[in-house]
Amino acid sequence: SHECNLRSLNPWNLVRLLRILNAFKPDLIYSHGKAAGLWGRLLARLSGIPVLHHFHGRHWRHYPFLLQWGYFLYERLMARWTQAFLFVSYGEMDEYELWVDSRKPRRVIPNGVNGMPLLSIAERGTLKEDLSLPDNIPVLASITRAIYQKNLEQLLRIHYSLLSTRPVVLLLLGVKE
């Protein structure tokens with residue numbers, strides 16, 4: 001394990017990461033997210049080691065026009081040095097294919113889906129009791145961060161459409177305690 005602040009654009013990060021690569025000689029570089037994607041793809045270019053990049057959210061629509069243009073230019077350059085891509089959603093993969101590159105191998109691995117083990121009937125009963133949930137209607141648990149970048153308005157519209165057909169209890173987990 002090596003601690004390194006990858007959000008910093010300090011060039012010493014690149015030197016340090018190259019030393020780690022030289023010491024361990026990996027067969028593949030895996031990067032997940034924006035900062036790791038920058039460093040991982042630069043390392044791939046400099047070392048010749050293939051990189052698999054996993055996008056973790058690209059909220060380019062919230063950028064001003066010139067920043068959007070710059071972002072896509074950056075991604076087109078980095079795509080040349082990337083052997084394959086993973087995405088957290090089909091929407092992001094579709095946008096990437098449209099705006100950046102549709103030729104590279106790619107796959108969607110949804111972020112957070114099936115990350116929690118199934119609850120037994122007894123555990124469900126205990127949770128319903130602890131949260132004072134009624135027994136006669138379904139409960140929709142939505143695990144998300146309700147922040148601007150996640151498009152909160154659309155998130156609430158989706159929840160409304162799920163809840164408007166019949167009585168349901170909505171649990172928003174990860175928003176606030």
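Modeller: Asn13, Leu14, Leu17, Leu18 and Leu21 in H1 meet Trp39, Leu42, Leu43, Leu46 and Ser47 in H2, where a contact means heavy atoms within 4.5 Å. Helices here are DSSP runs of H or I with at least four residues, strands are E runs of at least two, and both are numbered from the N terminus.

Biologist: What's the contact of H1 with H2 like by class?

Modeller: Eight nonpolar, two polar and no charged residues. Nonpolar covers Ala, Val, Leu, Ile, Met, Phe, Trp, Tyr, Cys and Pro, charged covers Asp, Glu, Lys and Arg, and the others, Gly among them, are polar.

Biologist: Before we go on, where do these values come from?

Modeller: It's a predicted model, so local features need pLDDT of at least 70, side-chain atom pairs count only at pLDDT 80 or more, and totals for chains, interfaces and linings use all residues. Residues are numbered from 1 along each chain as its sequence is written, and side-chain values use heavy atoms, with hydrogens and water left out.

Biologist: OK, whole chain now. How many helices and strands?

Modeller: Six helices and six strands. Along the sequence they run α-β-α-β-α-β-α-β-α-β-α-β.

Biologist: And how much of the chain is buried?

Modeller: Buried residues are 29% of the 177; buried means under 20% relative accessible area, with a 1.4 Å probe and protein chains only.

Biologist: What about contacts between residues at least 6 apart in sequence?

Modeller: Of those, 51% join residues at least 24 apart.

Definitions and conventions:
Buried means under 20% relative accessible area, exposed over 50%, partly exposed in between (1.4 Å probe, protein chains only).
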